[in-house]
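Let's take a look at the charged pairs in this structure. Have it open as you read.

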Amino acid sequence: MKRIEALRVITDRTPDLAVTATCAATSRELAAVADRDNHLYLLDAMGLTVSVGTGVALGIAGTKVSRSVVIDGDGSLLMNLGAAATAGYLAPDNLVILLLDNGVYASTAGIPTQAEKLDLGAIAESVRLQVLRAADTTELGNALQRALAEPGPWFVHVRIEPGNEPGTPLLLIDPVVHADRFRRWLTNRIAA
């Protein structure tokens, strides 16, 4: 499955949830599929996606926003594996981490990551995250259905093909303006 195919499945199931996405190609492709106010693109913040998404999960606990959904990549997660340990330690039951694992740093000419030899799902399991696995759109849809319905924290290890979707435009947005857009969506959604 290509990353953009996985992102279509994810956006179909998360129109009213807080979604935090890692930088570069993942954010660009997510915006190309559906640029929504509930999407927080972490531009130039590789390695921080799980940390931010865990904080969002803690912040929205007990509100009308039922889940904090994190879309991360293997390269980004490997830059800050401690974030997964913290998520497992804090154990917010409304956290869903979706790891799109292509085994490479997609934005740097496909240089292999350590995920080539390490099972990031097994690592997530070792820090007390509930792990589901998906290798195609049907499995991803089924995993998301479960993770969005049952208490977590969840870690969905999604195997995707290397490569970026050609022709997706750069996200040339002001991070401050973008963060404010997400904050306003979250505030309005909680108050509704």
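The side chains of Arg-146 and Glu-150 meet in a salt bridge, 3.1 Å from N to O; the term stands for a side-chain nitrogen of Lys or Arg within 4 Å of a carboxyl oxygen of Asp or Glu.

A quick word on the source: this is a predicted model, where local features need pLDDT of at least 70 and side-chain atom pairs count only at pLDDT 80 or more, while totals for chains, interfaces and linings use all residues. Residues are numbered from 1 along each chain as its sequence is written, and side-chain values use heavy atoms, with hydrogens and water left out.

## Links across the chain

Searching the whole structure turns up nine salt bridges. One of them joins Arg-181 to Asp-35, with the closest N and O atoms 3.0 Å apart. Arg-181 sits in helix α8 (residues 175-191) and Asp-35 in the loop between α2 and β2 (39-41), so this pair ties together parts 146 residues apart in sequence. (Helices, H or I with at least four residues, and strands, E with at least two, are DSSP runs numbered from the N terminus.) Arg-181 counts as buried at 18% relative accessibility, whereas Asp-35 is partly exposed at 46%.

Then there's Asp-101 with Arg-159, whose closest N and O atoms are 3.2 Å apart in another salt bridge. Asp-101 belongs to strand β4 (residues 95-101) and Arg-159 to strand β8 (residues 154-159), 58 residues apart. Asp-101 is buried, at 1%, but Arg-159 is partly exposed, at 38%.

Key
Buried < 20%, exposed > 50% of the residue type's maximum accessible area, 1.4 Å probe, protein only.
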